[in-house]
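Please consult the sequence and the structure shown here alongside the text.

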Amino acid sequence: MAALRDRALTAWDQPRSKKVRRIVYHVVRGAKKFAVGSGNAAWVVGTTMLVMVMPLVFEIDREQQLLEYEGGMGVAQPIVLK
C-alpha cells in the first residue's frame, strides 16, 4: 500500500500530471460559470414573464370573457307558448 502511495505522489508532481490537472481545473471552472450564468438567465426570463407577459394574458382573458358576456346578452330567449 505504501508503494502505491509513493507512486501516486511521484506521479502527482510530474509535468504531464500538472498539465492534466490544469486542463481539468479550467474545464470544471468553465462548466461552473456556464451553470451559474444559465441560472441567472433563467431567473431574468422568468421574472420578465411574470412582470410583463402575465398581465397581458390576464387582460386578454378578461376581454374575452367580456365579449362572451356581451354576445350572450344580445341573444333573446325564444318564448314558448303553451
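## Overall composition

The predicted model has a chain of 82 residues, of which buried residues make up 1%. Its secondary structure consists of 2 helices and 0 strands. Helix H2 spans residues 15–74.

The chain presents an accessible surface of about 8,100 Å². Carbon and sulfur atoms account for 68% of that surface.

## The salt bridge in helix H2

The structure contains 1 salt bridge. Its partners are the side chains of Glu59 and Arg62, with an N to O distance of 3.1 Å. Both residues belong to helix H2, where a spacing of 3 residues places them about one turn of the helix apart.

The two partners fall into separate accessibility classes. Glu59 has a relative accessibility of 40% and is therefore classed as partly exposed. Arg62, by contrast, has a relative accessible area of 53% and is therefore exposed, since the exposed class begins over 50%.

## A buried serine

Ser17 is also part of helix H2. Its relative accessible area is 19%, so Ser17 is buried; the cut-off for this class is under 20%.

When neighbours within four places in sequence are set aside, the contacts of Ser17 are Ala11 and Trp12.

## The nonpolar surface patch

A nonpolar patch on the surface is formed by Leu50, Val51, Met52, Met54, Val57 and Phe58.

Terms used:
Residues are numbered from 1 along each chain as its sequence is written. This is a predicted model: local features need pLDDT of at least 70, side-chain atom pairs count only at pLDDT 80 or more; totals for chains, interfaces and linings use all residues. Side-chain values use heavy atoms; hydrogens and water are left out. A salt bridge is a side-chain nitrogen of Lys or Arg within 4 Å of a carboxyl oxygen of Asp or Glu. Helices (H or I, at least four residues) and strands (E, at least two) are DSSP runs, numbered from the N terminus. Buried means under 20% relative accessible area, exposed over 50%, partly exposed in between (1.4 Å probe, protein chains only). Accessible areas come from the Shrake-Rupley method with a 1.4 Å probe; for residues, only the protein chains shown count as cover. Contact means heavy atoms within 4.5 Å. Patches are made of residues with over 30% relative accessible area and no salt bridge: like charges are joined within 9 Å, nonpolar side chains (Val, Leu, Ile, Met, Phe, Trp, Tyr) within 5 Å.
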